[in-house]
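Hi,

I am passing this structure on to you. Please load it and read my notes alongside.

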Amino acid sequence: QRSAAMNCGSGPAPATMVRCRQCSASVAAPPGARAVQCMQCCCVTRVGGGGRQHGAMVPAMRPIPGFGGGRGKKRAVLVGIKYTNTRACELRGPINDVKCMRYLLTEHFGFANDCVLILTDEERDPCRQPTKNNIRMAMHWLVQGCSSGDSLVFQFSGAGVQVPDCSGEERDGMDEAICPLDSFQQGPILDDEINQAIVRPLVHGVKLHAIVDACHSATVLDLPYQCTFSKQSVGA
């Protein structure tokens, strides 16, 4: 109930029905969703035919219940999703990935415990479940008020998907996306949304390290440059 209250306004708007581009099943798209994931075939379909939308995509910043919200110069958001009890295949490694990363950051790189926000589907607090809304708020918390000298870390370990790009800005014609726990109900988080949330707000002198362990994640931050390695350069 607390998690749902974050989205409350004057009342929920009706969902839009979208036809899955792969199996033609009807999929309910919640208000404001830019893509939906089919529960039958897991295919992702864009809502509408428009290109990229650069308007606000995250809610106004509010304290995240159940989390101290430390504002040190070193902050991290670690997301791990196994997708237990969903129609997707359950993953084994994401929770362990998050635990290992938290240990690394706090024990070896000087991150304070209250500056590391963890969202996993093993958390009992609904506000720390890796839902679409909670991940968006966590990304907003990570970069809000950042200043020169800050060291930020974003980790996502879970499922990734692709959706046809309607803007013509992707070389392969596909947008990449990560799947929150409620992806079948709320849709995935697209690469341009992630870029808008945690890349564009960065100011000069801020370092962001993003580790995304998911399918189709190579360009999931929509960065202007891509670093590639050949076998010769790695062995040199």
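Which residue is the bridge partner of Gly-160 in strand 9? It is Ile-178. Keep in mind that this is a predicted model.

**The sheet**
That bridge belongs to the pairing of strand 8 with strand 9 (residues 174-178), which is antiparallel and runs over 5 bridges. The sheet itself is open, has 3 strands in the order 8-9-10, and pairs antiparallel. Strand 8 (160-164) and strand 10 (189-190) are its edges. Each has a single partner strand, so one side of each has no neighbour in the sheet.

**The helix pair**
Helix 3 packs with helix 5 (residues 191-198) at an angle of about 35 degrees. Their axes are 8 Å apart. Helix 3 contributes Arg-136, Met-139 and Val-143 to the contact. Helix 5 contributes Glu-193, Ile-194, Ala-197 and Ile-198. By class, that gives 5 nonpolar and 2 charged residues, with no polar ones.

**Asp-150**
Look at the loop between helix 3 (132-143) and strand 7 (151-157): Asp-150 lies there. Is Asp-150 buried or exposed? It is buried, because its relative accessible area is 3%, under the 20% cut-off. The side chain of Asp-150 makes a polar contact of 3.5 Å with the side chain of Arg-75. Leaving aside neighbours within four places in sequence, Asp-150 is also in contact with Lys-73, Gly-145, Gly-205, Val-206 and Lys-207, among others.

Best wishes

Conventions:
Residues numbered from 1 in each chain as written. Predicted model: local features only at pLDDT ≥ 70, side-chain atom pairs only at ≥ 80, totals over all residues. Heavy atoms only, no water. Helix = DSSP H or I, 4+ residues; strand = E, 2+ residues; numbered from the N terminus. Buried < 20%, exposed > 50% of the residue type's maximum accessible area, 1.4 Å probe, protein only. Polar contact = N/O pair within 3.5 Å; in protein donor to acceptor, adjacent residues only side chain to side chain. Contact = heavy atoms within 4.5 Å. Pairing = 2+ DSSP bridges. Axes fitted to C-alpha atoms, helices over the stretch in contact; angles between N-to-C directions. Nonpolar A, V, L, I, M, F, W, Y, C, P; charged D, E, K, R; others polar.
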